[in-house]
Structures are given as structure tokens and as C-alpha cells.
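Have the sequence and the 3D view open as you read.

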Amino acid sequence: MKNRMTRIHLAIATGVLCASTSLGAQTTVPTPESITKLEIGADRVLADWSQITRYFGALAAASPAVRVDTLGPTTEKRPFVVATISTPENIARLAKIRATQAMLADPRKLSSSAEAQAIAGQPTVIVIACNIHATEIASSQMSMELAYRLATNDTLQRALRDVVVLLIPSMNPDGEQLVTEWYRASIGTPWEGGPLPWLYHHYVGHDDNRDWYMVTQQETRLVSRMLYQSWFPEIFYDVHQQGSYGMRITVPPHVDPIDPFVDPLIVRGINQIGAKMSWELESRGKSGVGDGATYDLWWHGGARSAPTRHNMIGLLTEAASVRIATPLTIAPGQLVGGERGLPRYERRVNFPNPWPGGVWRQRDIIDYELIAAEALVTLASDQRAEYVRNFIALGRKAVRAGEKGDPYAYRVSAGRDPEASRRLLEALRYGGIEMGTIAGSSDVFIPLAQPYRAHVMDLFEVQHFPKMERYPGGPVEKPYDVAGWTLPLQMGVSVSRMDTAITSPITATSAMAPDFPASSCGATGNGPYVSLDASDTRSYELVVDALKSGERVAITGAGDGARFITRITGKSPIVGCAPTRVAAMPQGATIGRLPRIAMYKPWTADIDEGWTRFVLEQERIPFVSLTDSMVRAGKLRDQYDVILVPDMSFREMHDGMSASQVPPRYAGGLGDAGVAELDAFTRGGGTLVLLDRASEFATSALKVAVRRITVPRQQEENEAPGAAQSLYAPGSILRVLVDGARYVARGMSDTAAVYFTNSVTFDVPAGSAAQVIARYPDRESDILLSGYLQGGSAIAGKAAAVEVPVGRGRVVMFGFRVQYRGQSYGTFKMLFNALLGEGASTMQR
């Protein structure tokens with residue numbers, strides 16, 4: 001009996017069940033309602049995270065078909081759980097199943113006999129991931145019903161003989177709890193079911209589904225380890241919600257374009273499963289089911305996208321939303337198309353049975369999602385051998401492609417920014433990528449004869465988003481998220497293709513955060529002071545630590561020759577190569593103390609604020625979050641030297657959210673009073689740093705003599721056939737020319753890659769006091785590096801970043817995303833320099 005015990009270990013602090021239960025006992029499998037004491041799916045009813053995890057613990061304690069594991073703590077220290085569900089026989093042999101999956105994922109380890117055995121009997125392993133976007137909350141509730149049905153339904157149990165389901169009740173447990181608490185408090189108020197005034201992930205809000213190749217967030221890291229180093233599933237299903245007034249659920253197939261590194265067999269698998277889902281939904285009388293709309297197969301960074309570069313079928317469904325858990329009554333005339341694949345809400349081949357309107361409830365979402373999930377389970381069972389066989393074939397195909405070259409490998413150098421290079425390698429390691437070193441070389445080598453070749457190549461190669469016109473000469477279709485993401489360009493890392501085979505042995509590294517060989521370190525010198533290269537992102541953390549300790553920081557050189565000279569105390573950790581030491585502090589510009597930094601935080605759940613906060617905290621740069629009331633209270637210059645405003649419109653800053661959306665204490669924005677205080681702060685000697693659209697504050701409120709060039713709103717709908725195409729660059733990497741003489745450009749080369757998401761450009765008139773920090777090349781053909789750009793002549797030769805004096809202070813405006821999603825290490829240092837200031841004179845009043 002001892003060998004038949006299941007042990008569940010969950011965090012006691014959250015009130016989750018911690019139990020050991022004998023599977024031999026006669027135990028009634030609990031329903032979700034019996035544990036949560038809630039009617040799951042009912043109007044205005046939500047289970048919170050502690051209730052959900054308590055239910056899964058109770059289910060695993062009672063059912064031999066269920067095991068619950070905690071992958072680790074979330075950002076806010078809640079348990080991130082996954083339920084493994086199959087037959088009791090499969091649960092008893094999970095270790096063997098998982099070991100076999102690892103061999104299937106890497107056919108180099110697979111003998112012919114093991115392959116034959118796997119095709120004959122290895123279960124398909126599928127992941128069903130719920131509720132990554134916390135306000136799309138129905139799937140977290142659905143997960144409990146799905147788990148109960150999988151564990152108790154005879155038909156599904158028969159299917160699970162050939163399937164292991166890894167069910168993640170929420171990919172964002174912190175957000176699930178946050179949204180549930182906020183929603184419960186809103187019931188019966190004017191803002192019931194409305195938006196939260198803060199992000200539903202501690203740092204990145206909705207962008208928790210934009211982190212799946214960079215892997216910066218705790219939750220992304222936990223799941224990536226499970227996918228690419230632990231379980232190696234054949235299928236990953238990401239369950240989402242969309243807007244309320246279109247299709248009731250959107251399933252695969254998706255729309256063009258297809259990224260060149262997504263294998264055709266993956267695309268066929270996606271389409272096959274989507275067809276099964278829509279068939280089952282239609283068979284069960286569910287109207288409003290559509291496919292071939294809105295969502296494409298281009299971008300790499302989503303939860304369902306990254307697996308497709310790992311030989312896994314990545315699935316997405318999007319069900320129509322309610323107001324969190326509050327039902328909507330939708331009249332037929334309110335139903336709309338307008339997205340790609342459904343220009344009008346009408347019957348089409350990809351939408352044969354439109355929903356007629358009526359009351360749409362959380363219960364409806366759950367029912368549609370349950371049918372889709374169970375359709376996946378039954379198809380994965382019916383086609384088990386084919387999914388296993390194709391999974392092996394895809395890995396083998398990738399290895400053979402790498403053996404043929406084009407290229408054979410990539411070579412990553414520490415370069416001038418070893419910290420960015422280390423972070424690039426770390427992101428690849430989370431993606432399961434093999435790498436190593438060669439004797440006598442200071443670089444890291446990534447051979448491409450490995451199963452996840454597509455993941456590396458899609459991150460390292462340049463993207464060329466195809467120009468897809470709606471009609472000849474008409475507006476172009478836009479990507480679902482972004483058009484380009486080439487990581488070496490974004491991060492400023494030196495990566496070279498190796499087009500000849502490597503003959504020297506590669507010593508593999510298994511470290512999750514690999515470093516460069518000691519041979520990459522130069523001479524360190526002697527003396528009590530250190531000389532830090534301003535090109536190395538790590539230097540800024542050390543500079544900040546020195547300033548926190550009361551040390552002065554001298555600045556020598558400019559551009560990519562700039563260095564910081566200071567004394568580092570024993571409290572400052574040194575990662576990587578030891579810095580060069582010098583005997584004396586030089587004369588010249590000096591930062592005498594750490595600037596007092598504040599960052600504006602509106603009550604609008606601004607995602608860029610979250611990303612900026614994450615980047616600053618990672619580099620240990622202290623700052624104060626500045627809310628509307630704190631700004632309106634005034635005396636800002638007495639408290640702060642620098643105020644940073646992340647990407648947001650001037651309307652968002654000034655007006656905030658209305659009182660019909662949020663409680664009065666969160667409604668409104670800065671208002672005229674807050675705008676006046678920021679004006680007084682700047683004119684009184686402060687530095688105002690504005691990112692992307694926030695630059696509108698400078699032109700509208702401070703009246704700086706710079707003209708903003710912006711992408712026309714809805715330009716793709718408004719252009720007539722044959723009309724000149726206006727500026728449009730939906731998430732692309734562009735080239736800028738940098739003036740190294742500017743303090744903001746310390747550590748920067750004379751050219752740089754910047755991230756442009758239909759961003760802002762500046763036209764600086766002749767004779768203006770504005771200083772251009774970076775500008776786009778004069779020739780339009782020289783601007784685009786990766787992604788897509790039309791109408792580039794509008795920004796050719798124009799400024800990408802400027803500094804403008806205002807009274808006794810200054811405004812620094814970045815027209816691009818200087819810290820884009822925690823990825824653009826190549827321009828992080830420009831933000832850090834803007835915050836640290838020019839030198840001694842910067843801190844004088």
C-alpha cells in the first residue's frame with residue numbers, strides 16, 4: 001500500500017490542502033462546488049486562487065487519476081500549481097513517461113527499439129494553460145470542472161489511457177487573486193466588472209503573454225522549465241478570451257502570415273485540432289464559432305508561439321468576454337466584425353453559424369472552453385501514435401538541418417556589453433537551447449544540430465514581415481503583435497553566423513545563467529578605484545551601488561569610449577569579469593550623489609510603467625512611484641531631481657479613467673493642477689524624462705519647440721487605393737545615428753538599433769535649442785533593420801531622441817521604446833544615463 005500513496009505538497013501559507021492519501025481507500029471524488037462552496041460559472045461568482053488550489057489539492061487527494069505539483073512561487077509568492085491528469089496507471093508511471101518524452105524531444109538519444117516502443121504505447125502529453133490574462137478569468141473556473149470531468153468521466157478516462165494532461169489552472173495566479181478580489185468588491189457598484197486601476201501582474205500586466213522568448217518573469221520561467229527541460233509535451237493549448245461583440249469563440253486555423261521557422265507539420269497540426277474543436281462545438285449546438293480570423297502565426301513571443309519553435313503544436317482559442325463575471329445583453333445590431341477574416345458580422349465559410357445575440361454569460365464561456373478542451377483530449381488520444389511519430393520527426397528534421405549548415409552554429413561574444421550577452425544566453429537556456437565553449441576561445445558557441453534549432457534561428461535572424469495588401473494598392477495587413485524581434489539587434493550583442501562546420505569539441509554548459517570563459521577577461525590593473533566601461537549594462541548597477549554608499553563617480557570620455565571611475569565597496573557583488581582598477585580619480589565631470597528619481601504611475605494600469613519599474617528594479621536603481629495626488633500636492637523639485645514618465649498619451653496622463661469605470665479615488669488623472677506642477681518642477685531645474693508617446697506632454701503642456709511626427713490613427717482603414725502610404729511600423733527594429741557627445745549617449749556606438757512600435761519621431765526646427773541625441777538615417781532604405789516599415793520617408797533624417805532646455809531644467813524625450821519589454825538592452829544605458837544625469841552641474845540648483 002505504501003507504494004500507492006500520492007503526496008501533495010502545496011504552500012500552507014495560502015491555506016491550500018497539504019495531504020497524503022492512500023489510493024486504495026474508497027474516496028468520493030469531490031466536485032468543485034463541494035470544496036469551494038460556490039456555484040462555479042454562475043453570474044457574479046468567482047473562486048479565488050486559494051479556493052482553486054484548495055480544490056485541486058482535494059481532488060488529487062481523492063483521485064488516483066490526479067497529481068498536483070507546485071512548480072514554484074509566483075512573483076508575489078503564491079504557489080504556481082500544475083495538475084497532471086491521466087489514468088491511475090499512467091499516474092503511477094509518470095517518471096517513466098516523462099523520461100521517454102525527453103528522448104522523443106531529442107531523437108539523438110533515441111534508439112530504434114525505444115522509438116518503436118514509444119510509437120506503440122507512449123501517451124500524448126498535452127498542456128492546457130488557463131488564465132494567463134487575469135481578467136480573462138473564466139478559464140481558471142473552467143479548469144476545476146475540466147479536472148473533475150477528466151478524473152471521473154468514463155469516456156474521458158478511456159481517452160486518457162493514451163494522453164497525459166498537464167493542466168495549469170492559472171498562468172497568472174497573482175492576477176487571478178487580484179482580479180477576483182477587485183471584482184467582488186465592485187459588485188453592485190457603477191464600476192462592476194470594469195478595469196482595474198493597476199496592472200494584474202506585478203510588473204507586466206497583459207504583457208505576461210509577451211515574455212515567452214525573453215523569459216524575464218518568474219511565471220514564464222517556471223513554465224518554460226516545465227516545457228523545455230522537464231515534460232517536453234507534443235501539444236500546448238493556451239485558453240484566452242477576446243472582445244465581447246464578435247465571434248463567440250475563435251479557434252484555429254489562424255490567418256497569414258506564417259513565420260518561416262514554423263514547420264509546415266506544426267501548422268497542419270494546429271489546423272487539424274482547430275477543426276476538431278469547431279466540429280465538436282457545432283455538434284453540441286454552440287453557435288458563433290469561427291476560425292481564420294485575427295490571430296496569425298508570425299510572432300514568436302506568446303505562450304502558444306514559442307512552443308511552435310520547439311516542435312510542439314501551439315494552440316490558441318479566444319472566447320467572447322463578459323464583464324469579468326457579469327453577464328452582457330447584446331443586441332444583434334451590436335455584433336460586429338472588422339477584424340481580419342471577418343470584415344462584417346455575417347455568415348461566411350469560416351463563420352457558418354453566427355450567434356444571433358442575447359445574454360452572454362460566464363457559464364457560456366466555460367461551456368465553450370470545456371468542449372474545446374475535451375475535443376483536444378479525445379483527438380490527442382485517437383491520434384496518439386501520429387502525434388508521437390511526428391514529434392520525433394520534427395526533432396530529427398531540426399538536427400539534420402543543423403548538420404547541413406546555413407549556418408552550422410552561432411558564435412556569441414561578450415563584446416562591449418557582457419551583461420547583455422549573458423542575458424541573451426540566459427534567455428536561450430530557459431528555452432532549452434544547448435551551448436558551450438571551445439578551448440582557446442573566449443566566446444560561447446550555439447550549434448544548430450539540435451532539436452530546438454528553429455527557436456534560435458527565429459531569434460537571431462532578421463524578420464521580413466511580408467507586405468500583404470487588402471487589395472492591390474490598398475492598406476497593408478498588420479501583424480497580430482509585432483513584426484520584428486531579432487534579439488542580437490535589440491540587445492546590442494555581437495553574434496556571428498558560422499557557415500563552416502565546427503571541428504573542435506564543444507564543452508557544453510548546463511548553467512541556467514551561463515557566463516563567458518575567464519579568457520574573455522582582460523587585465524584588471526591595480527589601485528583603489530575601478531574603471532567601468534559605460535557600454536556594459538552591468539556598470540550602471542555598480543555605479544548606483546557606489547553612489548548609494550556615498551562614493552563619487554567620475555566620468556571620462558564620451559560615446560562608446562565613456563567610462564565611470566569610482567570606488568566599489570565590499571557590499572557590491574561583482575558578476576563576471578573583475579573590473580579594471582586604477583590608482584586615482586580623474587578630474588572632470590563627477591556625479592556626486594545619487595539623483596532622487598520618481599516615476600509617474602497613473603491609475604490606468606499602464607503596462608510600460610510596469611516594464612520600466614521592472615528594469616529599474618533589476619538594476620537596483622532606486623525610485624519613488626509618483627501617483628496623481630502626489631504630483632498635485634506639489635513641491636516636486638524639493639523632493640526629486642528626475643521624474644520619469646513611461647509611454648502613455650497626454651490624455652491618459654491628464655484625464656486618467658472616468659468615475660464610471662473606477663472608484664472616485666482612482667478616477668481622473670493629473671488634471672490641470674498636476675500638469676502645472678510638472679511644469680513647475682521642470683522649469684525649476686528638474687529633469688523630465690519622457691518615453692515615446694509621453695513626449696506629447698512636452699509639446700502640449702510645456703510647449704517645447706519640437707514637432708512630433710506620429711503614425712496616423714487608423715491609417716490602414718483610411719487610405720484610398722493607390723494613395724501614398726503613410727508612416728507605419730508595427731513593432732520593428734530601426735537604425736539610428738547617435739551623437740556620442742551627449743551625456744545620454746554614454747556607452748553608445750555611433751549607430752544603434754532601437755525598438756519602434758508605431759512610435760514618435762521629432763522634427764527639430766533650425767535654430768532650436770533642442771539637442772539631438774539620436775536621429776534616423778537620411779535615406780529611407782537605411783532605416784529598417786528587422787520587421788516592417790512603410791512610409792519611412794516621414795522619419796528619414798528626423799530625430800529619435802532629443803534633449804530640450806525648459807527654464808532651469810530640461811526635458812529628455814525618447815521617441816522609441818528605450819526599455820522595450822525588458823528586451824532592448826542595447827538602449828537601456830540611454831535611459832540610465834538620462835536618469836543619472838550629466839555630471840556635477842546636473843545636480844546644482
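Two strands pair if DSSP finds at least two bridges between them. Helices (H or I, at least four residues) and strands (E, at least two) are DSSP runs, numbered from the N terminus. This is a predicted model: local features need pLDDT of at least 70, side-chain atom pairs count only at pLDDT 80 or more, and totals for chains, interfaces and linings use all residues. Residues are numbered from 1 along each chain as its sequence is written, and side-chain values use heavy atoms, with hydrogens and water left out.

**The sheet**

- Eight strands form an open sheet with mixed pairing, in the order β3-β4-β6-β5-β7-β12-β8-β10.
- β3 (66-73) and β10 (289-291) are its edge strands, and each pairs on one side only.
- Neighbouring strands are turned by 20° against each other on average, direction ignored.
- Strand β5 (residues 124-130) and β7 run parallel, joined by five bridges.
- A129 has D238 in β7 as its bridge partner.

**Residue H240**

- Strand β7 (residues 235-242) holds H240.
- H240 counts as buried because its relative accessibility is 2%. Buried means under 20% relative accessible area, exposed over 50%, partly exposed in between (1.4 Å probe, protein chains only).
- The side chains of H240 and E136 make a polar contact (3.2 Å). A polar contact is a pair of N or O atoms within 3.5 Å; within protein, one must be able to donate a hydrogen and the other to accept it, and residues adjacent in sequence count only if both atoms are side-chain atoms.
- Beyond neighbours within four places in sequence, H240 is in contact (heavy atoms within 4.5 Å) with residues including H133, N209, E318 and E369.

**Helix packing**

- Axes are lines fitted to C-alpha atoms, for helices over the stretch in contact, and angles run from 0 to 180 degrees between N-to-C directions.
- Helix α6 (residues 138-152) lies across β3, β4 (79-85), β5, β6 (163-168) and β7, at about 145° to β5.
- The axes of helix α2 (residues 49-62) and α6 come within 10 Å and cross at roughly 5°. Therefore α2 is roughly parallel to α6. Angles under 35 degrees count as roughly parallel, over 145 as roughly antiparallel, 65 to 115 as roughly perpendicular and the rest as oblique.
- The contact of α2 with α6 has eight nonpolar, three polar and no charged residues. Ala, Val, Leu, Ile, Met, Phe, Trp, Tyr, Cys and Pro count as nonpolar, Asp, Glu, Lys and Arg as charged, and the others, Gly among them, as polar.
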